[in-house]
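Have a look at the model and read along.

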Amino acid sequence: AEFVAFEGLIYADFSRDAHVTGEIPGVRNRIIAGVDWGYANPGGILVGSVNGDDELDIVTEEYAKQRRVEEWVNVAVQLRDTWNVSIFYCDPSEPEYIAQFRKAGLNAVKGDNTVLPGIQRVQNRLVRQPNGRTRLRINRGCPNLINEAEQYHWMDNKYGMRDAPVKANDHLLDCLRMMVNALDGTKYTALTAKGVRYA
């Protein structure tokens with residue numbers, strides 16, 4: 001696929017050298033997933049491994065158009081059984097779909113899909129730490145997520161100011177944002193400060 005550079009990239013710090021890896025982490029403290037519904041537009045599921053240093057490795061992606069919710073349930077069950085996914089953070093816009101996940105025995109909850117705070121939290125995870133590592137890495141077997149990250153950009157309003165992301169080719173980034181919101185959001189921080197695990 002041809003790479004097209006956009007002005008006003010949202011994840012300007014993202015680079016394949018720093019954030020894309022061919023390794024699957026061996027030590028996994030928790031496995032979580034993000035779910036974005038779609039039919040005419042693609043839907044997707046991301047699976048991520050969280051280690052003891054709170055680093056998030058995205059290990060696999062599912063991405064498809066015209067997949068019924070029943071099919072997504074089957075995919076999610078396979079991912080849970082393969083990766084031992086502990087929780088699915090789902091796009092809250094379709095509560096009936098979340099109910100179908102739960103009916104299938106999946107630990108599915110409404111994800112926090114707030115946009116601008118979520119974007120900032122993802123950006124924070126892209127920053128290289130003093131130890132040279134980043135707190136977010138993506139397996140190269142997730143080409144759709146990588147392509148979205150490289151092309152996600154701000155829209156211009158009528159005054160020429162960028163104030164919101166272009167709502168296109170962002171389905172897996174929505175999954176990622178819900179995962180990071182769960183890890184880095186206020187609720188998670190407050191609970192872990194009391195020694196209680198959120199997920």
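Q: How do the axes of helix H5 and helix H6 cross?
A: In this predicted model, the axes of H5 (residues 143-151) and H6 (residues 171-184) come within 8 Å and cross at roughly 90°. Axes are lines fitted to C-alpha atoms, for helices over the stretch in contact, and angles run from 0 to 180 degrees between N-to-C directions. Helices are DSSP runs (H or I, at least four residues), numbered from the N terminus. Residues are numbered from 1 along each chain, and local features need pLDDT of at least 70.

Q: Why are H5 and H6 called roughly perpendicular?
A: Angles of 65 to 115 degrees count as roughly perpendicular, under 35 as roughly parallel, over 145 as roughly antiparallel and the rest as oblique. The crossing is at roughly 90°, so H5 and H6 are roughly perpendicular to each other.

Q: What makes the contact of H5 with H6?
A: Asn-144, Leu-145, Glu-148 and Ala-149 of H5 meet His-171, Leu-172 and Leu-173 of H6, where contact means heavy atoms within 4.5 Å.

Q: Why are H2 and H3 called oblique?
A: Helix H2 (residues 69-83) and helix H3 (residues 95-103) pack at about 45°, with axes 10 Å apart. That angle belongs to the rest, so H2 and H3 are oblique to each other.

Q: Where does pLDDT stay under 50?
A: pLDDT, the predictor's confidence in each residue from 0 to 100, stays under 50 over residues 1-5 and over residues 187-199. Where pLDDT is low, the predicted coordinates should not be read in detail.

Methods:
Predicted model: local features only at pLDDT ≥ 70, side-chain atom pairs only at ≥ 80, totals over all residues. Heavy atoms only, no water. Helix = DSSP H or I, 4+ residues; strand = E, 2+ residues; numbered from the N terminus.
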